[in-house]
Amino acid sequence: MNIALFTDSYLPTKSGIVTVVVQLRKILTELGHHVVIVTVSPHGYESAENEDPDVLRIFSIPAPVGDNQYIAFPHKKVVVNFLKEHNIQIIHSHTEFYIAHAAKSAGKVLHIPVVATTHTMWEDFYKYYLFPMGRMVPVKVIRKIVRRLYKKFYALINVSDKAREYFKSPFMLPFTPSVVIPNAIDTEAFLAKKFTEEDQLALKKEFGISENDVTLIFVGRIVEEKRVEELFDVIVRILKARSNVKMLFVGSGSMSYELESETKRLGLGDRVLFTGFVNWENLALYYSLGDIFVTTSLSEMHSMTALEALLSHLPIVARRDESFDDTIFHGKNGFLADTDEEMDGFILDLVDNPQKRKAFAEESFEISKNFSIKLHGLRTVAFYKFILKHYPLPSPVFDRELKKAIDAVKITD
(Lines give C-alpha, C1' and ligand atoms only; values in the text may rest on other atoms or scores of the structure.)
Protein backbone atom coordinates (compact mmCIF):
# COMPACT_ATOMS: atom_id res chain seq x y z
CA MET A 1 0.00 0.00 0.00
CA ASN A 2 1.21 3.53 -0.79
CA ILE A 3 0.31 5.98 1.96
CA ALA A 4 0.81 9.73 2.41
CA LEU A 5 0.90 11.28 5.87
CA PHE A 6 0.16 15.02 5.95
CA THR A 7 1.24 16.96 9.06
CA ASP A 8 2.22 20.47 10.12
CA SER A 9 4.27 19.01 13.00
CA TYR A 10 7.32 16.99 11.99
CA LEU A 11 11.05 16.64 12.48
CA PRO A 12 13.23 18.41 13.43
CA THR A 13 10.65 19.94 15.80
CA LYS A 14 9.39 17.90 18.75
CA SER A 15 5.85 17.36 20.02
CA GLY A 16 3.41 14.59 20.77
CA ILE A 17 2.06 14.71 17.21
CA VAL A 18 5.58 14.53 15.77
CA THR A 19 6.18 11.41 17.86
CA VAL A 20 2.91 9.87 16.63
CA VAL A 21 3.70 10.55 12.96
CA VAL A 22 7.31 9.36 13.19
CA GLN A 23 6.23 6.16 14.94
CA LEU A 24 3.41 5.53 12.47
CA ARG A 25 5.68 5.98 9.47
CA LYS A 26 8.22 3.61 10.98
CA ILE A 27 5.81 0.80 11.75
CA LEU A 28 3.94 1.08 8.44
CA THR A 29 7.26 0.84 6.63
CA GLU A 30 8.27 -2.18 8.71
CA LEU A 31 4.96 -3.79 7.80
CA GLY A 32 5.90 -3.49 4.12
CA HIS A 33 4.09 -0.32 3.07
CA HIS A 34 5.49 2.72 1.27
CA VAL A 35 4.97 5.91 3.26
CA VAL A 36 5.63 9.52 2.25
CA ILE A 37 5.34 12.68 4.33
CA VAL A 38 3.96 16.07 3.28
CA THR A 39 4.85 18.65 5.89
CA VAL A 40 6.07 22.13 6.75
CA SER A 41 9.54 23.55 6.36
CA PRO A 42 10.46 24.89 9.84
CA HIS A 43 12.00 28.33 10.17
CA GLY A 44 15.74 28.10 9.65
CA TYR A 45 15.47 24.56 8.30
CA GLU A 46 17.36 24.06 5.07
CA SER A 47 16.82 21.01 2.93
CA ALA A 48 20.06 19.17 2.50
CA GLU A 49 20.98 17.43 -0.72
CA ASN A 50 20.47 14.12 1.01
CA GLU A 51 17.04 15.09 2.35
CA ASP A 52 14.67 12.11 2.46
CA PRO A 53 13.13 11.91 -1.05
CA ASP A 54 9.93 10.62 0.51
CA VAL A 55 9.41 13.86 2.44
CA LEU A 56 7.90 16.90 0.69
CA ARG A 57 8.67 20.14 2.53
CA ILE A 58 6.27 23.01 1.89
CA PHE A 59 7.22 26.66 2.25
CA SER A 60 6.12 27.76 5.71
CA ILE A 61 6.29 30.68 8.11
CA PRO A 62 6.21 30.65 11.94
CA ALA A 63 2.67 30.71 13.31
CA PRO A 64 1.80 33.61 15.63
CA VAL A 65 0.63 31.12 18.28
CA GLY A 66 2.36 28.29 20.12
CA ASP A 67 5.96 27.11 20.11
CA ASN A 68 7.46 25.58 16.96
CA GLN A 69 4.18 25.95 15.07
CA TYR A 70 4.18 26.76 11.37
CA ILE A 71 1.76 27.87 8.68
CA ALA A 72 2.34 26.20 5.33
CA PHE A 73 1.48 27.56 1.90
CA PRO A 74 1.07 24.47 -0.27
CA HIS A 75 1.26 24.65 -4.05
CA LYS A 76 -1.52 22.33 -5.20
CA LYS A 77 0.21 21.18 -8.38
CA VAL A 78 3.46 20.38 -6.54
CA VAL A 79 1.62 18.32 -3.92
CA VAL A 80 -0.45 16.44 -6.49
CA ASN A 81 2.59 15.65 -8.64
CA PHE A 82 4.48 14.38 -5.58
CA LEU A 83 1.62 12.04 -4.72
CA LYS A 84 1.34 10.87 -8.32
CA GLU A 85 5.06 10.05 -8.39
CA HIS A 86 4.57 7.76 -5.42
CA ASN A 87 1.28 6.29 -6.65
CA ILE A 88 -0.45 7.19 -3.37
CA GLN A 89 -3.66 5.27 -2.63
CA ILE A 90 -4.77 6.95 0.60
CA ILE A 91 -4.00 10.22 2.39
CA HIS A 92 -3.91 10.36 6.18
CA SER A 93 -3.90 13.86 7.68
CA HIS A 94 -2.61 14.59 11.18
CA THR A 95 -3.69 18.20 11.09
CA GLU A 96 -6.84 20.15 10.28
CA PHE A 97 -5.27 23.36 8.94
CA TYR A 98 -3.47 24.44 5.74
CA ILE A 99 -1.70 21.14 5.19
CA ALA A 100 -5.04 19.39 5.65
CA HIS A 101 -6.61 21.64 3.01
CA ALA A 102 -3.85 20.55 0.63
CA ALA A 103 -4.59 16.92 1.52
CA LYS A 104 -8.30 17.27 0.77
CA SER A 105 -7.65 19.16 -2.48
CA ALA A 106 -5.13 16.56 -3.66
CA GLY A 107 -7.46 13.72 -2.73
CA LYS A 108 -10.24 15.27 -4.78
CA VAL A 109 -7.98 15.63 -7.82
CA LEU A 110 -6.61 12.08 -7.52
CA HIS A 111 -9.94 10.51 -6.52
CA ILE A 112 -8.47 8.85 -3.42
CA PRO A 113 -9.80 8.86 0.16
CA VAL A 114 -8.54 11.41 2.67
CA VAL A 115 -8.84 10.47 6.34
CA ALA A 116 -7.68 12.21 9.50
CA THR A 117 -6.70 11.57 13.09
CA THR A 118 -8.27 13.91 15.65
CA HIS A 119 -5.37 14.89 17.89
CA THR A 120 -6.58 18.10 19.51
CA MET A 121 -9.59 19.16 21.58
CA TRP A 122 -9.77 22.75 20.34
CA GLU A 123 -12.53 23.64 22.79
CA ASP A 124 -9.90 23.28 25.52
CA PHE A 125 -7.02 24.88 23.61
CA TYR A 126 -8.34 27.88 21.73
CA LYS A 127 -8.54 30.19 24.76
CA TYR A 128 -4.80 29.87 25.19
CA TYR A 129 -3.77 29.97 21.53
CA LEU A 130 -5.91 33.02 20.74
CA PHE A 131 -5.09 34.86 23.96
CA PRO A 132 -6.34 37.49 24.79
CA MET A 133 -9.09 37.30 22.15
CA GLY A 134 -9.73 33.63 22.80
CA ARG A 135 -11.52 34.21 26.09
CA MET A 136 -14.06 36.36 24.26
CA VAL A 137 -14.88 33.82 21.53
CA PRO A 138 -17.96 31.66 22.26
CA VAL A 139 -17.47 27.89 22.26
CA LYS A 140 -20.16 27.50 19.60
CA VAL A 141 -18.03 29.52 17.19
CA ILE A 142 -15.08 27.21 17.74
CA ARG A 143 -17.34 24.19 17.21
CA LYS A 144 -18.48 25.57 13.86
CA ILE A 145 -14.89 26.17 12.78
CA VAL A 146 -13.75 22.69 13.86
CA ARG A 147 -16.73 21.11 12.14
CA ARG A 148 -15.97 22.95 8.91
CA LEU A 149 -12.29 21.90 9.07
CA TYR A 150 -13.12 18.21 9.53
CA LYS A 151 -16.33 17.75 7.53
CA LYS A 152 -14.64 16.93 4.19
CA PHE A 153 -12.56 14.07 5.56
CA TYR A 154 -13.93 10.72 4.42
CA ALA A 155 -13.41 9.06 7.82
CA LEU A 156 -11.78 9.78 11.18
CA ILE A 157 -9.45 7.95 13.53
CA ASN A 158 -10.06 9.00 17.13
CA VAL A 159 -7.29 8.36 19.64
CA SER A 160 -9.72 7.85 22.52
CA ASP A 161 -13.40 7.40 23.34
CA LYS A 162 -13.35 10.99 24.54
CA ALA A 163 -12.38 12.13 21.05
CA ARG A 164 -14.92 9.92 19.29
CA GLU A 165 -17.80 10.99 21.53
CA TYR A 166 -16.96 14.63 20.85
CA PHE A 167 -16.85 14.24 17.07
CA LYS A 168 -20.01 12.11 17.11
CA SER A 169 -21.89 14.86 18.96
CA PRO A 170 -24.94 16.30 17.13
CA PHE A 171 -23.19 19.65 16.78
CA MET A 172 -20.11 18.07 15.20
CA LEU A 173 -19.96 15.21 12.64
CA PRO A 174 -22.28 12.40 13.79
CA PHE A 175 -22.46 10.82 10.32
CA THR A 176 -18.75 10.82 9.49
CA PRO A 177 -17.42 7.25 9.81
CA SER A 178 -14.99 6.93 12.70
CA VAL A 179 -13.23 4.44 14.93
CA VAL A 180 -11.00 4.52 18.01
CA ILE A 181 -7.34 3.56 17.56
CA PRO A 182 -5.40 4.68 20.66
CA ASN A 183 -1.96 6.21 20.47
CA ALA A 184 0.90 3.78 20.96
CA ILE A 185 4.50 3.90 22.09
CA ASP A 186 7.49 2.56 20.23
CA THR A 187 9.17 0.73 23.09
CA GLU A 188 12.28 -0.06 21.10
CA ALA A 189 12.80 3.57 20.04
CA PHE A 190 11.97 4.99 23.48
CA LEU A 191 14.49 2.72 25.17
CA ALA A 192 17.02 2.76 22.31
CA LYS A 193 19.47 5.02 24.10
CA LYS A 194 20.80 2.87 26.91
CA PHE A 195 21.77 4.50 30.19
CA THR A 196 23.58 3.11 33.17
CA GLU A 197 23.06 3.48 36.89
CA GLU A 198 26.03 5.84 36.84
CA ASP A 199 24.24 8.02 34.26
CA GLN A 200 21.18 8.12 36.47
CA LEU A 201 23.17 8.99 39.59
CA ALA A 202 25.05 11.72 37.73
CA LEU A 203 21.78 13.31 36.58
CA LYS A 204 20.33 13.08 40.09
CA LYS A 205 23.41 14.79 41.41
CA GLU A 206 23.07 17.53 38.79
CA PHE A 207 19.56 18.30 40.04
CA GLY A 208 20.29 17.74 43.72
CA ILE A 209 18.05 14.70 44.08
CA SER A 210 19.14 12.46 46.93
CA GLU A 211 18.55 8.75 47.48
CA ASN A 212 15.93 9.44 50.14
CA ASP A 213 13.90 11.90 48.05
CA VAL A 214 10.55 10.96 46.55
CA THR A 215 10.53 12.68 43.16
CA LEU A 216 7.35 13.79 41.45
CA ILE A 217 7.71 14.31 37.72
CA PHE A 218 5.81 16.09 34.95
CA VAL A 219 6.91 15.72 31.33
CA GLY A 220 5.53 17.92 28.57
CA ARG A 221 5.18 21.44 27.34
CA ILE A 222 5.23 23.95 30.19
CA VAL A 223 2.27 25.90 28.87
CA GLU A 224 -1.00 27.24 30.25
CA GLU A 225 -3.27 24.77 28.47
CA LYS A 226 -1.54 21.91 30.30
CA ARG A 227 -2.69 23.58 33.56
CA VAL A 228 0.86 23.76 34.87
CA GLU A 229 -0.02 26.66 37.17
CA GLU A 230 -2.63 24.50 38.87
CA LEU A 231 -0.13 21.65 39.08
CA PHE A 232 2.42 24.01 40.61
CA ASP A 233 -0.11 24.97 43.33
CA VAL A 234 -0.65 21.28 44.12
CA ILE A 235 3.10 20.72 44.33
CA VAL A 236 3.65 23.66 46.68
CA ARG A 237 1.11 22.18 49.09
CA ILE A 238 2.78 18.76 48.87
CA LEU A 239 6.24 20.22 49.53
CA LYS A 240 4.92 22.01 52.61
CA ALA A 241 3.45 18.74 53.87
CA ARG A 242 6.50 16.53 53.22
CA SER A 243 10.16 17.53 53.45
CA ASN A 244 11.41 14.51 51.47
CA VAL A 245 9.59 15.38 48.22
CA LYS A 246 11.02 17.10 45.13
CA MET A 247 9.32 18.06 41.88
CA LEU A 248 10.89 17.77 38.43
CA PHE A 249 9.38 19.64 35.47
CA VAL A 250 10.78 18.14 32.25
CA GLY A 251 10.20 20.32 29.21
CA SER A 252 9.96 23.92 28.14
CA GLY A 253 7.27 26.39 27.18
CA SER A 254 5.80 29.83 27.63
CA MET A 255 5.07 29.30 31.34
CA SER A 256 8.58 28.14 32.25
CA TYR A 257 9.92 31.56 33.22
CA GLU A 258 6.88 32.41 35.35
CA LEU A 259 7.00 29.13 37.26
CA GLU A 260 10.75 29.35 37.81
CA SER A 261 10.36 32.90 39.09
CA GLU A 262 7.61 31.85 41.49
CA THR A 263 9.77 28.94 42.66
CA LYS A 264 12.58 31.34 43.57
CA ARG A 265 10.16 33.75 45.26
CA LEU A 266 8.89 30.94 47.47
CA GLY A 267 12.42 29.79 48.28
CA LEU A 268 11.85 26.38 46.71
CA GLY A 269 14.67 26.50 44.17
CA ASP A 270 16.28 23.36 45.55
CA ARG A 271 13.02 21.38 45.55
CA VAL A 272 11.15 22.41 42.39
CA LEU A 273 13.47 21.62 39.50
CA PHE A 274 13.30 22.57 35.81
CA THR A 275 15.23 20.73 33.10
CA GLY A 276 14.32 22.87 30.11
CA PHE A 277 13.93 21.21 26.71
CA VAL A 278 15.03 17.56 26.58
CA ASN A 279 15.44 15.57 23.36
CA TRP A 280 12.95 12.71 23.09
CA GLU A 281 15.82 10.25 22.70
CA ASN A 282 16.98 11.14 26.24
CA LEU A 283 13.57 11.15 27.93
CA ALA A 284 13.78 7.61 29.29
CA LEU A 285 16.70 8.66 31.49
CA TYR A 286 14.74 11.61 32.86
CA TYR A 287 11.66 9.48 33.53
CA SER A 288 13.91 7.15 35.53
CA LEU A 289 14.48 9.97 38.06
CA GLY A 290 10.80 10.04 38.94
CA ASP A 291 8.85 8.05 41.51
CA ILE A 292 5.35 9.37 40.68
CA PHE A 293 4.11 10.96 37.44
CA VAL A 294 1.70 13.85 38.05
CA THR A 295 -0.46 15.97 35.77
CA THR A 296 -3.47 18.26 36.14
CA SER A 297 -4.08 18.56 32.38
CA LEU A 298 -7.68 18.28 31.20
CA SER A 299 -7.01 18.97 27.51
CA GLU A 300 -5.55 15.64 26.41
CA MET A 301 -7.04 13.46 23.70
CA HIS A 302 -4.78 10.51 24.55
CA SER A 303 -1.62 11.49 26.39
CA MET A 304 1.68 10.31 24.91
CA THR A 305 3.48 11.25 28.14
CA ALA A 306 1.10 9.05 30.11
CA LEU A 307 2.09 6.14 27.86
CA GLU A 308 5.76 6.96 28.40
CA ALA A 309 5.18 7.08 32.16
CA LEU A 310 3.54 3.63 32.05
CA LEU A 311 6.49 2.21 30.13
CA SER A 312 8.81 3.86 32.67
CA HIS A 313 7.23 1.93 35.56
CA LEU A 314 5.65 5.00 37.15
CA PRO A 315 2.40 5.27 39.12
CA ILE A 316 0.32 8.21 37.88
CA VAL A 317 -1.81 10.75 39.72
CA ALA A 318 -3.96 12.88 37.40
CA ARG A 319 -7.20 14.79 37.18
CA ARG A 320 -10.10 12.58 36.17
CA ASP A 321 -10.60 12.82 32.41
CA GLU A 322 -11.94 10.43 29.76
CA SER A 323 -8.63 10.59 27.91
CA PHE A 324 -7.06 8.53 30.72
CA ASP A 325 -9.75 5.82 30.76
CA ASP A 326 -7.48 3.17 29.25
CA THR A 327 -4.18 4.22 30.86
CA ILE A 328 -4.91 5.12 34.50
CA PHE A 329 -6.96 2.72 36.60
CA HIS A 330 -7.91 4.23 39.93
CA GLY A 331 -6.39 2.33 42.83
CA LYS A 332 -4.42 -0.04 40.58
CA ASN A 333 -1.67 1.91 38.84
CA GLY A 334 -2.56 5.40 39.99
CA PHE A 335 -5.29 7.74 41.10
CA LEU A 336 -7.79 9.99 39.31
CA ALA A 337 -8.84 13.07 41.26
CA ASP A 338 -12.07 14.99 40.75
CA THR A 339 -10.45 18.26 41.89
CA ASP A 340 -6.96 19.67 42.07
CA GLU A 341 -7.18 19.67 45.86
CA GLU A 342 -8.11 15.98 45.93
CA MET A 343 -4.81 15.21 44.21
CA ASP A 344 -2.96 16.16 47.40
CA GLY A 345 -4.19 13.15 49.37
CA PHE A 346 -3.54 10.70 46.53
CA ILE A 347 0.01 11.97 46.00
CA LEU A 348 0.77 11.89 49.74
CA ASP A 349 -0.62 8.35 49.94
CA LEU A 350 1.94 7.22 47.36
CA VAL A 351 4.73 9.32 48.87
CA ASP A 352 4.19 7.65 52.25
CA ASN A 353 3.78 4.10 50.91
CA PRO A 354 6.80 2.81 48.96
CA GLN A 355 5.27 -0.67 48.66
CA LYS A 356 2.14 0.75 47.07
CA ARG A 357 4.31 2.81 44.70
CA LYS A 358 6.12 -0.35 43.69
CA ALA A 359 2.90 -2.32 43.13
CA PHE A 360 1.38 0.53 41.11
CA ALA A 361 4.61 0.86 39.09
CA GLU A 362 4.52 -2.82 38.11
CA GLU A 363 0.86 -2.50 37.10
CA SER A 364 1.68 0.56 34.97
CA PHE A 365 4.27 -1.40 33.04
CA GLU A 366 1.79 -4.22 32.41
CA ILE A 367 -0.77 -1.72 31.11
CA SER A 368 1.84 -0.23 28.75
CA LYS A 369 1.88 -3.55 26.86
CA ASN A 370 -1.62 -2.75 25.55
CA PHE A 371 -0.18 0.08 23.47
CA SER A 372 2.43 -1.63 21.33
CA ILE A 373 3.39 0.19 18.16
CA LYS A 374 2.98 -3.01 16.12
CA LEU A 375 -0.65 -3.41 17.19
CA HIS A 376 -1.23 0.27 16.41
CA GLY A 377 0.26 -0.17 12.95
CA LEU A 378 -1.79 -3.28 12.18
CA ARG A 379 -5.00 -1.58 13.29
CA THR A 380 -4.22 1.46 11.15
CA VAL A 381 -3.58 -0.77 8.13
CA ALA A 382 -6.90 -2.55 8.75
CA PHE A 383 -8.55 0.89 8.82
CA TYR A 384 -6.92 1.89 5.52
CA LYS A 385 -7.95 -1.36 3.82
CA PHE A 386 -11.54 -1.01 4.99
CA ILE A 387 -11.69 2.57 3.74
CA LEU A 388 -10.23 1.65 0.35
CA LYS A 389 -12.73 -1.20 0.05
CA HIS A 390 -15.72 1.10 0.64
CA TYR A 391 -14.56 4.33 -0.95
CA PRO A 392 -16.20 6.47 -2.23
CA LEU A 393 -19.55 5.49 -0.72
CA PRO A 394 -19.98 4.56 2.97
CA SER A 395 -22.56 1.93 3.82
CA PRO A 396 -25.32 2.42 6.43
CA VAL A 397 -23.47 0.11 8.85
CA PHE A 398 -20.07 1.67 8.17
CA ASP A 399 -19.16 2.47 11.79
CA ARG A 400 -20.13 -0.93 13.14
CA GLU A 401 -18.32 -2.80 10.39
CA LEU A 402 -15.30 -0.53 10.66
CA LYS A 403 -15.01 -1.20 14.39
CA LYS A 404 -15.34 -4.93 13.75
CA ALA A 405 -12.45 -4.78 11.27
CA ILE A 406 -10.23 -2.96 13.78
CA ASP A 407 -11.17 -5.18 16.71
CA ALA A 408 -10.35 -8.28 14.67
CA VAL A 409 -6.68 -7.29 14.59
CA LYS A 410 -4.62 -9.40 17.00
CA ILE A 411 -0.91 -9.96 17.51
CA THR A 412 -0.19 -13.66 17.62
CA ASP A 413 3.62 -13.62 17.92
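How many nonpolar, polar and charged residues does the lining of the second largest cavity have? The legends below take up this point in the last view, and they describe a predicted model.

**View 1. The aromatic pair of Tyr150 and Phe167.** A search of the whole structure finds 18 aromatic pairs. In the pair shown here, the ring centres of Tyr150 and Phe167 are 4.9 Å apart and the ring planes stand at 70°, so the pair is edge-to-face. Because Tyr150 belongs to helix H5 (residues 139-150) and Phe167 to helix H6 (residues 161-167), the contact ties together parts that are 17 residues apart in sequence. Tyr150 counts as buried, at 1% relative accessibility, and Phe167 is likewise buried, at 2%.

**View 2. The aromatic pair of Tyr154 and Tyr391.** The two rings have their centres 5.2 Å apart and their planes at 80°, so this pair is also edge-to-face. Distant parts of the chain are linked here, since Tyr154 lies in the loop between H5 and strand E8 (155-158), Tyr391 lies in the loop between helix H15 (373-390) and helix H16 (398-407), and the two are 237 residues apart. Tyr154 is buried at 12% relative accessibility, whereas Tyr391 is partly exposed, with a relative accessible area of 28%.

**View 3. Helix H15 and the largest cavity.** H15 has 18 residues and reaches 26 Å from its first C-alpha to its last, close to the 26 Å expected at 1.5 Å a residue. Its buried residues include Leu375, His376, Thr380 and Phe383. The largest cavity, with a volume of about 50 Å³, has at least two lining residues from each of helix H1 (16-30) and H15. Among the residues that line this cavity are Val20, Leu24, His92, His94, His376 and Thr380, and the lining as a whole divides into five nonpolar, six polar and no charged residues.

**View 4. The second largest cavity and its lining.** By class, the lining of the second largest cavity has four nonpolar, four polar and one charged residues.

Conventions
Residues numbered from 1 in each chain as written. Predicted model: local features only at pLDDT ≥ 70, side-chain atom pairs only at ≥ 80, totals over all residues. Heavy atoms only, no water. Phe/Tyr/Trp six-rings, centres within 6.5 Å; stacked < 30°, edge-to-face > 60°. Helix = DSSP H or I, 4+ residues; strand = E, 2+ residues; numbered from the N terminus. Buried < 20%, exposed > 50% of the residue type's maximum accessible area, 1.4 Å probe, protein only. Expected span 1.5 Å × (residues − 1). 1 Å grid on protein atoms, 1.4 Å probe; cavity = no way out; pocket = protein on both sides within 12 Å on 5 of 7 lines; lining within 4 Å. Points joined across faces, edges and corners; volume = space filled by probe spheres on them. Nonpolar A, V, L, I, M, F, W, Y, C, P; charged D, E, K, R; others polar.
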